[in-house]
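Please keep the sequence and the structure in view while reading.

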Amino acid sequence: MDWSQVLGYASKAADMFKKAIDTLAVERDMVIPESVLNTALATIASRSTSLHALSVELHDNWFDVDLVYVYQGIEFSLRASFDVENITFDHHKQTLILRERRPIELSTRRFKSTWQQWGFNVWAWWLRQFKKTTPLIYTLEKIEGMSVKEGIYRMDFSPYIRRKPAFIATLYALDIKSIKILDKEIYMRGSADLKSLNLLNELYKLVPEASSTTQTLKQEAPMSEAEADR
């Protein structure tokens with residue numbers, strides 16, 4: 001490995017951090033149209049083997065959602081409407097609290113076999129009779145960070161976000177003050193540390209490509225103990 005190159009990366013990173021210290025945050029508004037959001041959701045669905053369709057309709061402080069999901073060969077269709085009780089999305093907390101506007105409509109559209117359909121129906125009956133719940137609620141409560149009680153859905157995304165260092169760094173550069181669901185759009189207001197965002201961008205550029213790094217490691221012979229101590 002070229003240690004002088006590594007030291008060069010470290011020096012440039014330290015210099016950029018020093019320049020970012022005295023940055024003043026700039027408060028901004030940002031609007032995401034419903035059409036843009038649905039395009040992104042459709043892209044996610046097209047790349048998923050389980051999620052076959054996902055779309056939303058945005059209204060003032062509430063929304064409709066439609067999705068088609070396949071699990072172990074069973075195709076589910078879901079339609080729901082939620083009031084938005086609270087959205088917090090900053091570097092301290094990332095939570096979403098929703099309230100049902102009406103009971104969720106969940107239907108099974110396809111099974112792999114008659115035996116699978118029979119087994120699912122028996123399981124759903126058992127949940128209703130003995131657990132006093134539904135297959136959907138039972139499944140959602142098994143998801144990390146999710147809780148459901150009396151039509152209130154609380155979602156804590158922090159366990160997933162903590163696994164994404166780049167996302168955490170971006171949240172520290174962005175201080176989102178508020179997020180609101182409006183008619184046909186999502187509105188956000190917050191302060192953006194522009195120099196820090198540029199810093200993040202430059203730091204990612206400094207990281208060598210995996211292929212070139214691997215190639216360098218393959219071509220160079222291992223260092224001797226004397227070389228390693230220099």
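How do the residues of the lining of the second largest pocket divide into nonpolar, polar and charged? They divide into 8 nonpolar, 3 polar and 4 charged. The structure is a predicted model, and the values below are computed from it.

## The second largest pocket

The second largest pocket holds about 300 Å³ of space. It is lined by 15 residues, and those closest to its centre are Met30, Leu174, Ile176, Met188 and Gly190.

Four elements each supply at least two residues of this lining: strand β1 (26–33), helix α6 (165–173), strand β9 (174–182) and strand β10 (185–192). Strand β10 gives the most, with 5 residues.

## The largest pocket

The largest pocket holds about 2000 Å³ of space. Its lining is made up of 48 residues, of which Leu54, Leu67, Met146, Met155 and Phe157 are the closest to the centre.

Strand β4, which covers residues 74–89, gives the most to this lining, namely 9 residues. By residue type, the lining of the largest pocket comprises 40 nonpolar, 6 polar and 2 charged residues.

Arg79 forms a salt bridge with Asp64, and the closest N and O atoms of the two are 3.9 Å apart. This pair links distant parts of the chain: Arg79 lies in strand β4 and Asp64 in strand β3 (residues 62–71), 15 residues apart.

The accessibility of each partner can be stated separately. Arg79 counts as partly exposed because its relative accessibility is 26%. Asp64 has a relative accessible area of 5%, so it is buried; the cut-off for buried is under 20%.

A further residue belongs to this group.

## A salt bridge between two loops

Which residue meets the side chain of Glu144 in a salt bridge? The partner is Arg163, at 2.8 Å from N to O. Glu144 lies in the loop between α4 (135–140) and β7 (146–149), while Arg163 lies in the loop between α5 (158–161) and α6, so the pair ties together parts that are 19 residues apart in sequence. Glu144 counts as partly exposed because its relative accessibility is 40%.

## Ala169 in helix α6

Ala169 is found in helix α6, an element that also supplies at least two residues of the lining of the second largest pocket.

Which distance separates the C-alpha atoms of Ala169 and His91? The two atoms are separated by 8.6 Å, although the residues are 78 residues apart along the chain.

Terms used: Residues numbered from 1 in each chain as written. Predicted model: local features only at pLDDT ≥ 70, side-chain atom pairs only at ≥ 80, totals over all residues. Heavy atoms only, no water. 1 Å grid on protein atoms, 1.4 Å probe; cavity = no way out; pocket = protein on both sides within 12 Å on 5 of 7 lines; lining within 4 Å. Points joined across faces, edges and corners; volume = space filled by probe spheres on them. Nonpolar A, V, L, I, M, F, W, Y, C, P; charged D, E, K, R; others polar. Salt bridge = Lys/Arg side-chain N within 4 Å of Asp/Glu carboxyl O. Buried < 20%, exposed > 50% of the residue type's maximum accessible area, 1.4 Å probe, protein only.
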